[in-house]
Amino acid sequence: MNTKSPWAAGSQPMLSVMGSEVVNVLLNADVAAANLGLGDLIILGSIPEDCALVDAVFHASDLDSGSGLVLAFGTINEAEDNLDTILQASCGVGQSAGASRITMTPAVLTQLGGDTGVQVGFRVATAAAGGQTGVAGVSLSYRAVAHGS
C-alpha cells in the first residue's frame with residue numbers, strides 16, 4: 001500500500017526556489033501500521049523541476065515494535081509502485097524513534113528534478129516485525145539548477 005504526505009497528495013505545495021538559495025522543507029506522512037509491509041511506499045514530496053538535491057535528513061517515530069523495519073529512500077517511479085533510483089539503500093530510523101542523514105554520494109549529488117519534478121520517498125525494504133502507526137519523513141534540501149551546474 002502507498003502512504004502519501006500532504007505534499008505528495010497535492011494539498012500542500014512544495015517550496016519554490018527563487019534564486020541561488022538552498023530551500024529546506026520538512027515533509028511528514030502519517031503511516032498506518034498496515035502500510036509497513038515489504039514493498040510499501042511512503043511518498044513524501046518532490047524535488048521540484050529545475051532543482052537538485054542538496055541534503056536529506058530522515059526521521060520517524062517508532063514504527064516497529066520489533067527491530068526489523070528497514071527503509072530505502074529514493075525517487076518514486078511513475079507507476080508509484082517502486083523506487084526508480086535508490087539514493088539510500090538502508091535506513092533504520094523507523095526501528096525506534098530517531099533521525100539520520102543521507103550518505104552523500106555522486107549519485108545523490110547529481111539527483112535532479114528534471115523538467116517536471118521527481119517524487120521522493122521511502123520503500124519498505126524489510127517489513128516491520130510489529131508495525132505501529134506513526135510518522136515518517138524527511139527534511140529535504142534542494143537548490144535551483146542554473147546554467148548546467
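Is strand 5, which covers residues 70–76, mostly covered or mostly uncovered? Strand 5 is mostly covered, for seven of its seven residues are buried, where buried means under 20% relative accessible area, exposed means over 50%, and partly exposed lies in between, with a 1.4 Å probe and protein chains only. The structure is a predicted model, in which local features need pLDDT of at least 70 and side-chain atom pairs count only at pLDDT 80 or more, while totals for chains, interfaces and linings use all residues. Residues are numbered from 1 along each chain as its sequence is written, and side-chain values use heavy atoms, with hydrogens and water left out.

**Overall build**

- The protein has two helices and nine strands, and these elements are DSSP runs numbered from the N terminus, with H or I over at least four residues for helices and E over at least two for strands.
- Along the sequence, the elements follow one another in the pattern β-α-β-β-β-β-β-β-α-β-β.
- The radius of gyration of the protein is 15 Å, which agrees with the value near 15 Å that a compact globule of 149 residues would have; the radius is taken over C-alpha atoms, and the globule rule is 2.2 Å times the number of residues to the power 0.38.
- The C-alpha trace spans about 50 × 30 × 25 Å along the principal axes of the protein.
- Of the 149 residues in the protein, 45% are buried.
- The protein exposes about 6,900 Å², of which carbon and sulfur atoms supply 52%; accessible areas come from the Shrake-Rupley method with a 1.4 Å probe, and for residues only the protein chains shown count as cover.
- Among the contacts with a separation of 6 or more, 80% are between residues 24 or more positions apart, and contact here means heavy atoms within 4.5 Å.

- Strand 1 and strand 3 (residues 41–47) run parallel and are joined by three bridges, and the bridge partner of N2 in strand 3 is L41.
- Strand 5 pairs with strand 8 (residues 118–126) in the antiparallel sense over six bridges, and T75 has V120 in strand 8 as its bridge partner.
- Strand 5 also pairs with strand 6 (residues 83–91) in the antiparallel sense, over five bridges, and here L71 stands opposite C91 in strand 6.
- The hairpin of strand 5 and strand 6 has six residues between the strands, and in this hairpin E80 takes a positive phi near 55°.

- Another open sheet has four strands in the order 2-9-4-7, with antiparallel pairing.
- Strand 2 (22–31) and strand 7 (98–101) stand at the edges and have a single partner strand each, so one side of each is left without a neighbour in the sheet.
- Strand 2 and strand 9 (residues 134–144) pair in the antiparallel sense over 10 bridges, and V22 has R143 in strand 9 as its bridge partner.

- S46 has its place in strand 3 and counts as buried, with 17% relative accessibility.
- Leaving aside neighbours within four places in sequence, S46 is in contact with M14, V118, Q119, V120, L140 and Y142.
- L15 is found in the loop between helix 1 (6–9) and strand 2, and L15 counts as partly exposed at 40% relative accessibility.
- With neighbours within four places in sequence again left aside, L15 is in contact with V23, N24, V25, P48 and Y142.
- L15 and S46 are 31 residues apart along the chain, and their C-alpha atoms are separated by 9.9 Å.

**Cysteines**

- The structure holds zero disulfides, a disulfide being a pair of cysteine sulfur atoms within 2.5 Å.
- C51 is buried, with a relative accessible area of 4%, and C91 is buried as well, with a relative accessible area of 2%.

Notes. Pairing = 2+ DSSP bridges.
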